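Hello,

Here is the structure I said I would pass on. Please open it first, then read the notes below it.

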Amino acid sequence: MPVIAFAPDAGVWLLSTPRTSYALRIDATGAPCHLGWGPALTLEEAGELVTPPGPPASSFEGRPSVGEELPVDGGPRYGPPSLQVRFADGTRAFEWQATGHRVHEPAPGSTELVLEFRDRVHPLRVALHYRVHDDSDVIERWTVLRNDGVAPVALQRADSAAWALPLRDGYRLSHVTGQWSAETRLRRDPLPFGETVLTSRRGITSHHANPWVMLDAGDASENHGQVWSAALAWSGSWRITVQRTPDGRAGFTGGAGHEGPALPLGPGEEHTTPVHAGLYSEGGFGAASRAWHAYTLAHVLPHPREIRPVLYNSWEATGFDVDEAGQRALAARAAALGVELYVMDDGWFGARRSAEAGLGDWSPAPDRFPGGLTPLVEEVHRLGMRFGLWVEPEMVSPDSDLYRTHPDWVLHFPHRTRTELRSQLVLNLARRDVADWAYGWLTRLVGDHGIDFLKWDMNRAFSEAGWPDRAEGADAVWTAYVQHLYGIIDRLRAEHPGLRIETCSGGGGRVDLGMLARTDQAWPSDNTDAADRIDIQHGYGQLYPARTMAAWVTDVPNQFTGRSVPLRFRFHVAMAGVLGIGGDLSRWSEDELAEGAALLAEYKRIRHLVQHGGLHRLRAPDDEGAAAVQYTAADRGEALLLVWRRTSRPGDPAPLLRPAGLDPAARYRDARTGAVHSATVLREYGIRPELPRGDWASAAVHLVRMP
Ligand code: GLA
C-alpha cells in the first residue's frame, strides 16, 4: 500500500508510517477532520472510523473541540482555536473550502500530502502539510497560510497542527518543567479536564517548559504501552494547549507564539508555520524516546553520523578572567588529558570583564589578546585540538560601543523602561540591518581565525519586545526574530561547512527541534552538579538524543550546589552524553589528571554507543537507590551500562540491572572483568555491577558480543 492513500468514496486519507497509521477526511462542511492515529490500519479499516454526525446534543455544544485537524475560530466552535484570523473588514470567522490536494516525494524515502483550502469568501489560502518517512513513525505537520488579497490579514493564532487521541477511559500527560539551572524535570500527571497550557512567553524556548508532550492512557510504563507524543520545531515563544473535554476526549494544538501578538500577513505574503512532529508508539516511554532519538538523528541534525569530540570549556575555571597565557596553559593540560576541542568561553572581547559590559563589541580585548585570537587558535590547533569560541550575538550591553552607536537596535518601546536582565538588552534581530550586522562579524570572526566551533549563547528573556519603526512591529517581531536567527546560522553554516555549533541559552533555555536542525549539540543546563545532572539528563533524554547532550565534568565543591562527589562519579554521569571537561585543570592533582585521562580514554572507547546507540532507561532516577541507563549498538553487538548510586543504605546491595535490547541468542563479555553472560540470563536474571562502597558510587559496564 502506498504510504499516502486516498479512498475517494469515503473521502478518507490514510498516512502509513512503518508501524503506525494516521487517518483524516474532509467533512461535509469542508473542514479537515481527524479520524485516527495509532497502530497500522488498512484504508478500508480507516473508512470504518467515519461516523455520521448525530443530531446536536443541544444548542450549546457545537462542534467537538478535539477532532479537527486545525480547529478554526469560526462556526460553532468553542475550543482553543488552532487558526484564528482577523480579516481587514473585521470578520473573524473562517469558513473552510477545499480546493485540492497534492502528494509528492520531497526526497527519496519521504512522502508529503498537501491539503489545500481557502476561506469561502476571503482570499486567504491555507495548506495543511503532512510528511512521512519510510524509516520513522514520526509524522511532520505544518501549515502554510497565504494572503492572496489586497488587504492585510492578522493571524491571531496560527498553530502548526492539532492532534487528537482515540477515546480512552483516562489520560496522562508527560512533559518537562524547570527553571534556570534546573531544566527538564520530568512530570507525569493525570491529564486534568479542561485546558492545560504549556507555553513560553519569553521569546526563547525557555528553561521553564519545553515544547513537547507525551500522552498515554495512564497505563503506559517505561517498556509497555501506547504513547502519543509531539514536539514543536520552534525556538521562540510557543504554546501547546492540551485538552481533556467533558465528554472524555483528549488532544492538543501547538504552534509558535503566545497569546497577545497577532502575526500580520500582508497582501501577497505567505507564512509557513514551524513543523509540529507527532509520533504514535507502542512499547512505552522508552520506545517513544528511542523513536524520537532516531528521528532526530535521521531527519533533524545537520551531521548526525559524526562523533562529537570531547571538549574542554574554560568557563567554570576562569569566569570572565581569560587571557592568552591562561588559555594556553589550560589548553596544554586539556590536550594532555585527551581533549579534542578546546572552547574559550565568555570574556575574550571588548571591555568584557564581567557581565556588566562589552556585549556587542566583538573584537578581541587587546590587553588580553595583544596579537588577536590567531596565536591562541594556532596553538590549540598545534596541540591537535579544534578551537571553539563563546559568542552571544543577539545581545548588547548598554555599556558598549555598539549600544552607544545604535541605541535603537534593541527591542524596545518608546517611553518605556528598557529592562536590563544580566545587565544586557536584546538586539532586535528581526531588523534586517541588525541581522546583517550579526552575520557579518560572525562570518569574519570564523573565517579570519579558522574557528571550528561556536558556543552560541542567549542569556536573557525578552521584555518590552517592541519594534517602533515598523507598523505592527511588536506583533511581527516574535516570529521575524527567530526566522532571522535561523537565517544567520544557516548562512554561517553554508559559508563555513566545517563549523559546528552548540546551542546554549544560560544552559538549556533554547533546546528544541528547530535549533537542533541547525546546531550540533546543546548545553542542557548551567548546573554541572553530577547529582542534579542525573535528573536533568533524565528529562532531556525523554525527547532529545544523547548525541546532542553536552555534559561536563567540573570541579568540586560544585559552584552551584557546593556538593562534592568523586571524580569517577562526575565522569560516569557526563559519559551519558557528549563528554566535556569544565574544571580548572591547573588545579587538578597528578592523580586526578591520571584518573581523568583514563576515564576520558574509556569514554572514547564507548562513545559510539552513547552517541549513536539506542537508550534504555533501566532505572529512573526517582527510584530509591540507584539510577541506570543502557546504550546499545544498532546491531546489538555492544552495550554500555551506566549506573549511579547517590546514597548507599546499609544492607543495600548494588542494584540489579536487567539489560534490554540485546541479541537474545548471544553471549556478552564484560570488557573490564572478562566475565561472560548469556543475553537470556542478563535479561531475565540481571547483573549487579560492581560498585565502590559508600555514597556517590558509580560504574560503567561495557558488554561486547562474543563471536
Ligand atoms: C551562560 C552560559 C554559561 C557561560 C556564561 C558566560 O550562562 O550558559 O555556560 O557561557 O553564559 O557568560
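A polar contact here is a pair of N or O atoms within 3.5 Å. Keep in mind that this is a predicted model.

A polar side-chain atom of Asp-526 lies 2.5 Å from an oxygen atom of the ligand. In the side chain of Asp-457, an N or O atom is 2.9 Å from a ligand oxygen. Gly-507 takes part through its backbone: one of its polar backbone atoms is 3.1 Å from an oxygen atom of the ligand. How much of the ligand does the protein bury? On its own the ligand exposes 310 Å², and the protein buries 96% of that.

The ligand is surrounded by 13 residues, and the closest are Asp-345, Asp-346, Lys-455, Asp-457 and Asp-526. By class, this shell has 6 charged, 4 nonpolar and 3 polar residues.

Next, the largest pocket. Its volume is about 1,400 Å³, and 46 residues line it. Those nearest the centre of the pocket are Arg-63, Pro-64, Val-66, Gly-67 and Arg-249. Which of them gives the most? Strand 4 does, with 7 residues. The lining of the largest pocket divides into 21 nonpolar, 15 polar and 10 charged residues.

Regards

Key
Residues are numbered from 1 along each chain as its sequence is written. This is a predicted model: local features need pLDDT of at least 70, side-chain atom pairs count only at pLDDT 80 or more; totals for chains, interfaces and linings use all residues. Side-chain values use heavy atoms; hydrogens and water are left out. On a 1 Å grid over the protein atoms alone, a cavity is a set of points where a 1.4 Å probe fits but cannot get out, and a pocket is an open set with protein on both sides within 12 Å along at least five of seven lines; lining residues have an atom within 4 Å of a point. Grid points are joined across faces, edges and corners, and a volume is the space filled by probe spheres set on the points. Helices (H or I, at least four residues) and strands (E, at least two) are DSSP runs, numbered from the N terminus. Ala, Val, Leu, Ile, Met, Phe, Trp, Tyr, Cys and Pro count as nonpolar, Asp, Glu, Lys and Arg as charged, and the others, Gly among them, as polar. A residue is near a molecule or strand if one of its heavy atoms lies within 4 Å of it. A polar contact is a pair of N or O atoms within 3.5 Å; within protein, one must be able to donate a hydrogen and the other to accept it, and residues adjacent in sequence count only if both atoms are side-chain atoms. Accessible areas come from the Shrake-Rupley method with a 1.4 Å probe; for residues, only the protein chains shown count as cover.
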